[in-house]
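Trainee: Could we go through the charged side-chain contacts of this protein?

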Amino acid sequence: MVDASAELAEVQQELQAVKKALRTNDGYLGMRGETLQQYFLQLNEKENLVLSRQVQQLSLAAGAPGGFGVNSGPAAPPPAGPPKQFNKEDLAAVLQHMCEYEALPGESVKAVRALSSLAYANAAGVGANDQVLRQLLRLLSLHPEDENVQIVVMRALCNMAYDSAVAVQKLASHEALSALLAAASRVPDPSSKAKPGEACVKAGEALARIVAAEVDDQGRPLTTPTSQCSNLAKVFESALLGDASWHTAVLRLVSLLVQNEVIEIRFIAERFVSHTTVASAEAAQGWLAFAKTCANADTCTELAPALVEAGALRAAVQLLQRFSAEAAVALTGVEAMSALVGSRTTGLQAFVDAGGVQRIENGMGRHIDHELLQTKSIRALASGVLWPDDVQRKAGYSAKRSVALTKEAMVRHGSGEELQIAGLEALSRYIERASLRAEVAEGGGEGLVKAVMTRHQGVTKLQRFGRLVLDGLGVDKAWKPMAAGVTNGTNGVGK
């Protein structure tokens with residue numbers, strides 16, 4: 001079996017060689033230009049696959065999920081008798097106590113407090129010992145509900161992060177970052193006697209120091225935008241594998257870094273957009289979900305336009321193409337693109353240039369049974385009738401095709417109240433804005449609208465939009481939905 005670490009080092013070494021060849025326009029293994037660029041992208045994907053496999057192997061070795069890549073088997077029983085005293089000024093003695101008494105939260109807290117003091121005085125010396133980080137992460141996994149253990153470990157990691165070399169070479173690992181993100185997103189226990197929220201604060205400080213270790217005094221990056229060695233890129237990578245609370249923690253982190261002028265907003269956007277060579281549909285969905293979170297962020301409003309400028313919409317479209325068979329990716333993609341476009345002209349232009357309309361249409365066609373995706377897509381396509389004619393042409397947008405897709409979804413999801421509201425609102429817009437009365441009426445459109453209104457008689461908003469559509473079609477204003485169970489011979493609606 002090939003060692004994952006050796007394989008990863010080999011791939012990363014070749015990536016550096018290919019990058020150099022691309023910069024200098026030299027050949028590599030007989031490849032140049034576009035062929036070499038494609039090979040570079042393939043290497044990027046291979047690197048991510050190896051990383052993913054390595055993380056899976058670490059998780060299996062841990063014996064339980066959430067172990068941050070360390071041995072999370074049962075705690076070793078402590079030595080017999082009362083706990084031993086130890087020299088709090090000696091790193092070896094402190095580490096020995098941490099390991100021998102790992103089963104006892106109180107003794108673990110004593111040892112880690114001593115370690116934290118040592119790290120405060122000599123972050124480089126403490127951080128250079130690999131066993132220190134492994135044992136700290138193990139204590140987190142052994143005592144996940146003990147607030148005091150969580151706090152002292154985060155203090156120690158925060159102090160270790162003061163040294164930039166330790167921050168870059170040790171704490172920027174997936175295991176350490178996952179632990180910090182979990183703590184940074186942790187909801188404090190108000191009943192705890194420990195200081196509520198301190199673990200979260202210290203974890204956030206440690207993450208900030210890890211990211212700041214790769215920028216100069218002016219907030220400019222020390223690594224290239226596409227560098228896979230970037231600490232911020234590694235934070236993003238770890239966050240994508242976590243839940244929404246991890247995304248929020250990272251957003252809070254970058255917002256504070258920007259507000260404190262530690263890092264440039266452009267740098268953050270470039271790092272995030274460059275990290276789209278994900279290895280799985282789950283990671284792709286995570287990327288898109290985080291893009292949506294960033295675009296809707298009130299705490300850092302300049303992040304959304306920066307993401308658009310860095311190419312986030314094109315990146316989103318590429319992920320939708322790559323994982324087109326995954327309905328969850330398609331849904332999150334529609335939401336992310338809508339959030340990134342917002343009301344920004346630059347966002348709309350980037351969406352059009354990237355071929356976003358085609359991705360939405362393809363998603364609707366491929367996942368016709370996914371009600372929520374159909375609902376979101378109906379609304380997204382309906383906004384196209386408000387675009388200038390030249391933008392519609394450039395985008396390949398067809399209001400007639402959107403009408404057909406909308407009606408097909410309405411027929412298939414007759415019981416879906418929100419979908420029917422979105423569909424009727426869209427049809428009324430197509431009639432009013434695009435003069436598509438004939439297209440809406442075609443194929444029994446009037447009967448479809450009447451059937452929907454009859455089925456959902458108690459939904460005021462639906463009735464209002466339905467009436468707008470019927471008025472646009474020239475239907476007698478005296479018509480009203482018939483009582484449930486009574487038929488008037490009009491077209492029915494699906495399930």
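Predicted model: local features only at pLDDT ≥ 70, side-chain atom pairs only at ≥ 80, totals over all residues.

Trainee: How many salt bridges does a search of the whole structure find?

Mentor: A pair counts when a side-chain nitrogen of Lys or Arg is within 4 Å of a carboxyl oxygen of Asp or Glu. Over the whole structure, the search gives a total of 19.

Trainee: Which helix holds both R266 and E270?

Mentor: R266 and E270 are four residues apart, about one turn of the helix. Both lie in residues 265–274, which is helix α13.

Trainee: Is E270 buried or partly exposed?

Mentor: Buried requires under 20% relative accessible area, and exposed requires over 50%. The relative accessibility of E270 is 21%, so E270 counts as partly exposed.

Trainee: How many residues apart in sequence are the parts that R379 and E418 tie together?

Mentor: The closest N and O atoms of R379 and E418 are 3.5 Å apart, and the two form a salt bridge. R379 lies in helix α20 and E418 in helix α23, so the pair ties together parts whose separation in sequence, in residues, is 39.

Trainee: What is the relative accessibility of K477, the salt-bridge partner of D471?

Mentor: D471 and K477 form a salt bridge, with 3.3 Å between the closest N and O atoms. D471 is partly exposed, with a relative accessible area of 31%. K477 counts as exposed, its relative accessibility being 63%.

Trainee: Which residues are linked with K202 in a network of salt bridges?

Mentor: Here the salt bridges form a network that includes K202. The residues linked with K202 are E205 and R209.

Notes: Residues numbered from 1 in each chain as written. Heavy atoms only, no water. Helix = DSSP H or I, 4+ residues; strand = E, 2+ residues; numbered from the N terminus. Buried < 20%, exposed > 50% of the residue type's maximum accessible area, 1.4 Å probe, protein only.
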